[in-house]
Amino acid sequence: MADDTINDLMEATYCALCKHGYAELTMQDIAAESTKSKGTLHYHFEGKQDLLESFLEYILDRFEERTETIPGETPSEKLHEFFDELLTPSDEDSAEEFRTAILEIKAQSPYNEAYRERLSEFDRALRDRTAGFVADGIETGEFRDGIDPDETADFLVTLFHGAQTRAAAVDRSPEHTKQSVHEYIDSTLRADGSSSEEPTVADGEAEAGK
């Protein structure tokens, strides 16, 4: 499939998901947002599930491209910028609708192995990038000794997922979580921070469940 066709169909899927949500989404809805015909959709994809599996892969690829180069001269600055990027909608106008659609897809993942695998890949990518920044900060002495990069990454990624879920479910802006993440990095991770007590993964899960 040509790149321009892929991009067109994936962008159309994004628009259709925002308008109709996961449950009501049809191939015709996607075709209506695309410059391609419904026949082209069915030529490349067996059905809605097959297309959405490809869409989740597309999101992961775009995420990796978008975050391949994170601005900042130090690991701390890069970690701040990374979570700023994660918690700032790339499309403010449709952010709420898209978060809701993704939440619906996540709800299907316990029953859909393909969805679960794609979402797990995204989760691993988030944790790996976060753990890498934390490990770099420990090595340079910017972050405190004794911090476990993997546990810290789990905590921060749990906060991210919780922020996305709360934004879709109870309309709580991720901006609140963004501020908490920045404070956590400066007061808890940094070697010159003022906090002596590090939040645990359980704390992150409590935040996600609020």
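Arg-99 is buried, with a relative accessible area of 16%. Here buried means under 20% relative accessible area, exposed means over 50%, and partly exposed lies in between, using a 1.4 Å probe and protein chains only. This is a predicted model, in which local features need pLDDT of at least 70 and side-chain atom pairs count only at pLDDT 80 or more, while totals for chains, interfaces and linings use all residues. Residues are numbered from 1 along each chain as its sequence is written, and side-chain values use heavy atoms, with hydrogens and water left out.

Arg-99 sits in helix 6. Helices are DSSP runs of H or I with at least four residues, strands are runs of E with at least two, and both are numbered from the N terminus. Leaving aside neighbours within four places in sequence, Arg-99 is in contact with Pro-89, Gln-164, Ala-167, Ala-168 and Pro-174. Contact means heavy atoms within 4.5 Å. Arg-99 and Ala-169 are 70 residues apart along the chain, yet their C-alpha atoms are separated by 9.2 Å. Thr-100 is also found in helix 6. Thr-100 is partly exposed, at 32% relative accessible area. Its C-alpha atom is 16 Å from that of Tyr-115, 15 residues away along the chain.

Now turn to helix packing. Two packed helices are described by the angle between their axes and the distance between the axes. The axes are lines fitted to C-alpha atoms, for helices over the stretch in contact, and angles run from 0 to 180 degrees between N-to-C directions.

Start with helix 8 (residues 149-170) and helix 9 (residues 174-189). Their axes come within 9 Å and cross at roughly 165 degrees. The two helices are therefore roughly antiparallel to each other. Angles over 145 degrees count as roughly antiparallel, under 35 as roughly parallel, 65 to 115 as roughly perpendicular, and the rest as oblique. The crossing of helix 8 and helix 9 is right-handed. A crossing is right-handed if the near helix is turned clockwise from the far one by less than a right angle, and left-handed if anticlockwise. Helix 8 brings Thr-152, Phe-155, Leu-156, Leu-159, Ala-163, Gln-164 and Ala-167 to the contact, and helix 9 brings Pro-174, Thr-177, Val-181, Tyr-184 and Leu-189. By class, this contact of helix 8 with helix 9 has nine nonpolar, three polar and no charged residues. Ala, Val, Leu, Ile, Met, Phe, Trp, Tyr, Cys and Pro count as nonpolar; Asp, Glu, Lys and Arg count as charged; the others, Gly among them, count as polar.

The loop between helix 8 and helix 9 holds Asp-171. Asp-171 is exposed, with a relative accessible area of 57%. Its phi is near 60 degrees, a positive value in a residue other than glycine.

Helix 8 also packs on helix 7. Here the angle is about 130 degrees, with the axes of helix 7 and helix 8 lying 8 Å apart. That makes helix 7 oblique to helix 8. The crossing is right-handed. The contact residues include Leu-126, Thr-130 and Val-134 of helix 7 and Thr-152, Leu-156 and Phe-160 of helix 8. The residues of this contact divide into eleven nonpolar, three polar and four charged.

Helix 5 packs on helix 7 at an angle of about 160 degrees, with their axes 8 Å apart. Helix 5 and helix 7 are therefore roughly antiparallel to each other. Their crossing is left-handed. Among the residues in contact are Leu-79, Phe-82 and Phe-83 of helix 5 and Leu-126, Thr-130 and Phe-133 of helix 7. By class, the contact has eight nonpolar, three polar and three charged residues.

Next, the core. In soluble globular proteins, nonpolar side chains tend to be buried together. A nonpolar core is a set of buried Ala, Val, Leu, Ile, Met, Phe, Trp, Tyr and Cys residues joined through side-chain atoms within 4.5 Å. The largest nonpolar core has 26 residues, of which Phe-63, Leu-79, Phe-82, Phe-83, Leu-126, Phe-143 and Leu-156 touch the most other members. Helix 4 (48-66), helix 5 (75-86), helix 7 (113-140), helix 8 and helix 9 each give two or more residues to this core. Leu-156 is in contact with Leu-79, Phe-83, Thr-130, Val-181 and Tyr-184, leaving aside neighbours within four places in sequence. A second, separate core has 25 residues, including Leu-9, Met-10, Met-27 and Leu-51.

Thr-5 touches Lys-36 and His-44, not counting residues up to four places away in sequence.
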